[in-house]
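Here is my note on the model you asked about. Please keep the structure open while you read.

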Amino acid sequence: MKHIAKIFCLLLALVLLAGCGRTAAPTNEPTTGMPNPQKESSEIEILTRFGTVMSLPQGGLVDDYFIIEGENSVAEMRFSFKDSNYVARFMPAAEYEDISGMHYEWQHTETANDLYNTTVRYNDGAEGVIDLFDAHLGLICSLSTDSGADPDTLRSVAKEVFSTVTDGFGSGRVDGLNALLDDVREHYFPGTAGSSLSGAACAAKLADYFAETGIDPDSVSAAVTTYASALEDEERVLFEQQLDGVVSSFTAITAEGGEGILADCGYEAARYPWTEENVSDCFVAMLGSD
């Protein structure tokens, strides 16, 4: 009987030892502390929400776009390129965190104190991830692959994918704001039936955009001024009325009882109740274009 017990204990020990050397499989899901859930998105929605988009390398093929909602939401593009599958993500953030979702024991880790504080982690010819972090821009970028990883390829692909993202953040993220101003002009007409709800929707989209991108009020004021200057005289007069109404709508949806208007407007706000001071400052800055 003692013999059998010793054999059983020996077998159990061997099983446990075998499990200790295994590498954890990647999930490409958000890491601990990262936002959830993940929802399908599009290039235009990412541009509208974040003010910038990722670029597809020449010869690459997009599979899907996603947004992972949370306190700091993450934009994601999945694509294939030269027989490898990639997941590209970026997130506005003041401090670095791992947003790759790649849970591996890495054979190699390389860091560089360059412009973006780059870190490359990879297993020879297999999985890999490159992270970029710019504290000045408040931006984290991450590119991962499940096969064929090497540091030079990860760097070159990341350079193509994120060049527009970093440029977009550095230039004030004006393209996304212009798209939202187009939305105001096309869908909000003060004093018409349903205008309180359409105004609330436009205001909520802008508030999410200001919160997501962290764009500064001066950039907002300059962008609105430039946008308005390209309009005809009659269009400009109406646009100024639309801006006044949208700012009033923001005040209404952030006041006591405003959540009811927001719930009925047809837009699901990602960052409500927009406690960031920068958000309200940006709404005030829009009126500086008069």
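1. Basis. This is a predicted model, in which local features need pLDDT of at least 70 and side-chain atom pairs count only at pLDDT 80 or more, while totals for chains, interfaces and linings use all residues. Residues are numbered from 1 along each chain as its sequence is written, and side-chain values use heavy atoms, with hydrogens and water left out.

2. Overall make-up. The chain has nine helices and eight strands. Both are DSSP runs numbered from the N terminus: helices are H or I of at least four residues, strands E of at least two. Of the 290 residues, 46% are buried (under 20% relative accessible area with a 1.4 Å probe, protein chains only; exposed is over 50%, partly exposed in between). Contact means heavy atoms within 4.5 Å. Among contacts between residues at least 6 apart in sequence, 62% join residues at least 24 apart.

3. Eight strands make an open sheet, ordered 1-2-3-4-8-7-6-5, with antiparallel pairing. Two strands pair if DSSP finds at least two bridges between them. Strand 1 (38-40) and strand 5 (108-112) are the edges, each pairing on one side only. Neighbouring strands are turned by 20 degrees against each other on average, direction ignored.

4. Strand 1 is joined to strand 2 (residues 61-68) by three bridges. Here Glu40 stands opposite Phe66. Helix 2 (residues 43-50) lies across strands 1, 2, 3 (74-81) and 4 (84-92), at about 40 degrees to strand 2. Axes are lines fitted to C-alpha atoms, for helices over the stretch in contact, and angles run from 0 to 180 degrees between N-to-C directions.

5. Two cores. A nonpolar core is a set of buried Ala, Val, Leu, Ile, Met, Phe, Trp, Tyr and Cys residues joined through side-chain atoms within 4.5 Å. The largest has 37 residues; Leu206, Phe210 and Val246 are among those with the most contacts inside it. Helices 4 (174-187), 5 (195-213), 6 (217-229), 7 (233-254) and 9 (277-286) each supply at least two residues. Helix 5 gives the most, with 10. A second, separate core of 30 residues includes Ile46, Val120, Leu132 and Phe169.

6. Helix 5. Of its 19 residues, 16 are buried, so helix 5 is largely enclosed by the rest of the structure. Gly214 follows it, with a positive phi near 70 degrees.

7. Helix 7. Its 22 residues should span 32 Å at 1.5 Å a residue, and the end C-alpha atoms are 32 Å apart, which agrees. The expected span is 1.5 Å times one less than the number of residues. Buried residues of helix 7 include Phe239, Leu243, Val246 and Phe250. Beyond its neighbours within four places in sequence, Val246 is in contact with Val184, Tyr188, Cys202, Ala203, Leu206, Phe283 and Met286.

8. Aromatic rings. There are 10 aromatic pairs. Rings of Phe, Tyr and Trp (its six-membered ring) pair if their centres lie within 6.5 Å; planes under 30 degrees apart are stacked, over 60 edge-to-face, the rest tilted. Tyr104 and Trp106 have centres 5.3 Å apart and planes at 55 degrees, so this pair is tilted. Both are buried.

9. A link between helices. Phe250 and Phe283 are stacked, 4.0 Å centre to centre with 10 degrees between the planes. Phe250 lies in helix 7 and Phe283 in helix 9, so the pair ties together parts 33 residues apart in sequence.
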